[in-house]
Amino acid sequence: MKCKLLLFDLDGTLLRSDKTISKTIMLELQKCREQGIMIGVSTSRSEKNSMEFIAELNPDVVISSAGALVKYKEEYIFKAEFTESETMELIQQAREICGKDCEITVDTVDEHYWNYKIDPKQQDRSWGNSIYTDFQDFMQESLKLCVEIFDESAAGRLQQNLPDCDCVRFSDGYWYKFTKKAATKENAILHMCKACGIGTDEIIAFGDDYADIGMLKLCGVGFAMGNAIDEVKAVADQIIGDNDNDGIGVYLKNVVLEESTADSIFAYKRATLEDIEELVRARIIVLRAANKLSDDVDMSFVEQESYAYYKRALETEEHIAYLVYDNGTFIGAGGVSFYQIMPTYHNPSGKKAYIMNMYTAPEYRRRRIAFHTLDLLVKAAKEQGVSSIALEATEMGRPLYAKYGFVKMEDEMELAE
């Protein structure tokens, strides 16, 4: 997988605390562009309130208002708006539950409105384009409404009263965002992928807050900033430095610009008969780990049978395996076995493939090695004309396989021993 799009949240991610982008990041992003990698922004800010950052970046993709608006190049390709009456109803509900003086912001396609008590320009200059309104006669279509709610129970009641809205809290205060149910960053990414002609697995995403969780889980690689909340770090593929210390810049320089992914950093070798001993060793490691077997459990018979299997299957190409190396050191493996059943309506050839023996050395995990190995195996199967591809997933591996596109099967059973 070669990265085709770098997608950044703004506040707490691409922007430093002073709301600027470092010169290091801008330089590295320019180098990425020269390699044909697109640059995108995925922010909860309105497009207008992001303009000074967007102008500097000149991004190919802009996802704004927490996913309610998507622009590719200069064209809007997705818009999830509340009607005028829905917007007024949201404002009324917020005031009834959270108090008539609660602070509210509203994004429209063109503007950002706020009934602020203190001029936002005094708090944060990056909110300087906000328009003051008391919302009394506010009748406009809107993309997103944010409410400052200090009482958590009131926030819960408002969410219950608005079941057709997606609600997410921002971790740096008491603000909650409300958008159409379909307006999330991850759903916006799916619309963007369709327009751009790329897959989610070809995107590297960066985030730090609750609204970024779905995005990081969806994209090929999801990076949490060092300053991210714990919930974001828990779902990320990797954690990098914080936003005030060029975490993104360092990553771009060290990884993305070496072809963006593990496929260029590590060596992926298609196994031959000369690699049987390495394959058998990897097989035993996988079996011990999967079955929680200690080192003193005798695996000599399994080793002997595995050796015989590899010797036959590699020669006949009933099995294809890949070994992964870091400067000559073995760090990972994976294989796919081919077999045939009776032809079926959905699989007229009867050809099937089964992926197994996926392994990455513990110290190299969460670096996309398994994802790239899996991609090589799937492509190898498809080159053989096999479209029915299955695997057995451990708890550790299940998120990876799901991200690639594998789904749980409900229509098979196995005879108990």
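Six strands make up an open sheet of mixed pairing, ordered β8-β7-β6-β9-β11-β10. Here helices (H or I, at least four residues) and strands (E, at least two) are DSSP runs numbered from the N terminus, and two strands pair if DSSP finds at least two bridges between them. The model is predicted, with local features needing pLDDT of at least 70 and side-chain atom pairs counting only at pLDDT 80 or more, while totals for chains, interfaces and linings use all residues. Residues are numbered from 1 along each chain as its sequence is written, and side-chain values use heavy atoms, with hydrogens and water left out.

At the edges of the six-stranded sheet are β8 (131-132) and β10 (165-169), each of which pairs on one side only. Strands β10 and β11 (residues 175-180) run antiparallel and are joined by five bridges. Within this pair, Cys-167 stands opposite Phe-178 in β11. In general, strands of a sheet pair through backbone hydrogen bonds, either parallel or antiparallel.

Helix α6 (residues 152-161) lies across β9 (144-148), β10 and β11, and runs at about 5 degrees to β11. Angles such as this run from 0 to 180 degrees between N-to-C directions, and axes are lines fitted to C-alpha atoms, for helices over the stretch in contact. Contact means heavy atoms within 4.5 Å.

Helix α6 also packs with helix α4 (residues 84-98), at an angle of about 145 degrees and with the axes 9 Å apart. The crossing of α4 and α6 is right-handed; a crossing has this hand if the near helix is turned clockwise from the far one by less than a right angle, and is left-handed if anticlockwise. On the α4 side the residues are Gln-93, Ala-94, Ile-97 and Cys-98, which meet Ala-154, Arg-157, Leu-158 and Asn-161 in α6. The residues of this contact divide into five nonpolar, two polar and one charged. In this division Ala, Val, Leu, Ile, Met, Phe, Trp, Tyr, Cys and Pro count as nonpolar, Asp, Glu, Lys and Arg as charged, and the others, Gly among them, as polar.

Thr-24, Ile-25, Glu-28, Leu-29 and Cys-32 of α2 make the contact with Ile-248, Gly-249, Leu-252 and Lys-253 of α10. By class, five residues of the contact of α2 with α10 are nonpolar, two are polar and two are charged.

Strands β4 (residues 69-72) and β5 (residues 75-79) pair in the antiparallel sense over four bridges. Val-70 stands opposite Phe-78 in β5. The hairpin of β4 and β5 has two residues between the strands, and Lys-73 takes a positive phi near 60 degrees there.

Another open sheet has five strands in the order β15-β16-β17-β18-β19, with mixed pairing. Its edge strands are β15 (267-270) and β19, each pairing on one side only. On average, neighbouring strands of this sheet are turned by 20 degrees against each other, direction ignored. Eight bridges link β16 (residues 319-326) with β17 (residues 329-340) in the antiparallel sense, and the bridge partner of Ala-321 in β17 is Gly-335. Helix α12 packs on the sheet, touching β16, β17 and β18, and its direction makes about 80 degrees with that of β18. Helix α13 (residues 300-316) packs on the sheet too, touching β16, β17 and β18, at about 105 degrees to the direction of β16.

Strand β18 also takes part in pockets. On a 1 Å grid over the protein atoms alone, a pocket is an open set of points where a 1.4 Å probe fits, with protein on both sides within 12 Å along at least five of seven lines, and lining residues have an atom within 4 Å of a point. The largest pocket is lined by 42 residues, of which Thr-394, Met-396, Gly-397, Leu-400 and Tyr-401 lie nearest its centre. The largest share of this lining, seven residues, comes from β18. The lining of the largest pocket has 25 nonpolar, six polar and eleven charged residues.

The second largest pocket is lined by 25 residues, with Ala-390, Leu-391, Val-407, Lys-408 and Met-409 nearest its centre. Its lining takes at least two residues from each of β18, α14, β19 (388-391) and α15.
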